[in-house]
Amino acid sequence: MENALPARAEEVLEVVHAIPSGRVLTYGDVAARVGDRGPRFVGNVLRRFGSGTPWWRVLRADGSAPPPLAPEALHRWRTEGTPLRRLAHDPADVRVDLDRARWDAGSWTAPWEEVPAP
């Protein structure tokens with residue numbers, strides 16, 4: 001059985017690779033950039049094909065990583081200097097500060113958006 005990329009998966013991986021060090025996007029942000037797929041699709045692509053990507057730069061909407069990945073993600077966020085916050089009700093719960101860390105991908109042109117030169 002071939003492990004081929006589903007439609008739009010390559011675009012998801014390209015967006016994830018483009019996120020700069022110390023910056024993040026949510027699963028929903030990536031889905032919106034790709035266009036016709038939702039956050040769960042992005043999560044599934046990263047789970048199946050994303051081991052070679054900076055997967056820790058794609059988060060849940062609350063700034064957290066999925067629980068099994070949280071310890072490794074936290075280590076990588078700290079290494080990259082990603083802005084973090086602690087929740088007051090649980091100081092051990094560290095999340096990314098999305099207001100400060102979210103990447104503004106507006107100036108980035110995705111390969112599938114490029115217009116060929118005339």
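Student: How many helices and strands does the chain have?

Tutor: Keep in mind that this is a predicted model. In it, the chain has 5 helices and 4 strands.

Student: And what pattern does the chain follow along the sequence?

Tutor: Going along the sequence, you'd read α-β-α-α-β-α-β-β-α.

Student: What share of the residues counts as buried?

Tutor: Burial here means a relative accessible area under 20%. Of the 118 residues in this chain, 42% are buried by that cut-off. As for the surface, its accessible area comes to about 7,000 Å², and carbon and sulfur atoms own 51% of that.

Student: What part of the contacts links residues 24 or more positions apart?

Tutor: Take the contacts with a separation of 6 or more: 60% of them are between residues 24 or more positions apart.

Student: Now the charged side chains. How many salt bridges does the structure hold?

Tutor: The general idea is that side chains of opposite charge can pair when their charged atoms come close. In this structure there are 7 salt bridges. One of them pairs Arg102 with Asp29, at 2.8 Å from N to O. Arg102 sits in the segment after helix H5 (98-101) while Asp29 belongs to helix H2 (residues 27-34), so this pair ties together parts 73 residues apart in sequence.

Student: Which residue forms a salt bridge with Arg57?

Tutor: That's Glu80, and the closest N and O atoms of the two are 2.6 Å apart. Arg57 is in the loop between helix H3 (39-49) and strand E2 (58-59), and Glu80 is in helix H4 (residues 70-80), so the pair ties together parts 23 residues apart in sequence.

Student: Are Arg57 and Glu80 buried or exposed?

Tutor: Both Arg57 and Glu80 are buried.

Student: What distance goes with the salt bridge of Arg100 and Asp97?

Tutor: Their side chains meet at 3.3 Å, N to O. Asp97 counts as buried, because its relative accessible area is 14% and the cut-off is under 20%.

Student: Which residues do salt bridges with shared partners join into one network?

Tutor: Look for Asp62, Asp93 and Arg95: salt bridges that share partners join them into one network.

Definitions and conventions
Residues are numbered from 1 along each chain as its sequence is written. This is a predicted model: local features need pLDDT of at least 70, side-chain atom pairs count only at pLDDT 80 or more; totals for chains, interfaces and linings use all residues. Side-chain values use heavy atoms; hydrogens and water are left out. Helices (H or I, at least four residues) and strands (E, at least two) are DSSP runs, numbered from the N terminus. Buried means under 20% relative accessible area, exposed over 50%, partly exposed in between (1.4 Å probe, protein chains only). Contact means heavy atoms within 4.5 Å. Accessible areas come from the Shrake-Rupley method with a 1.4 Å probe; for residues, only the protein chains shown count as cover. A salt bridge is a side-chain nitrogen of Lys or Arg within 4 Å of a carboxyl oxygen of Asp or Glu.
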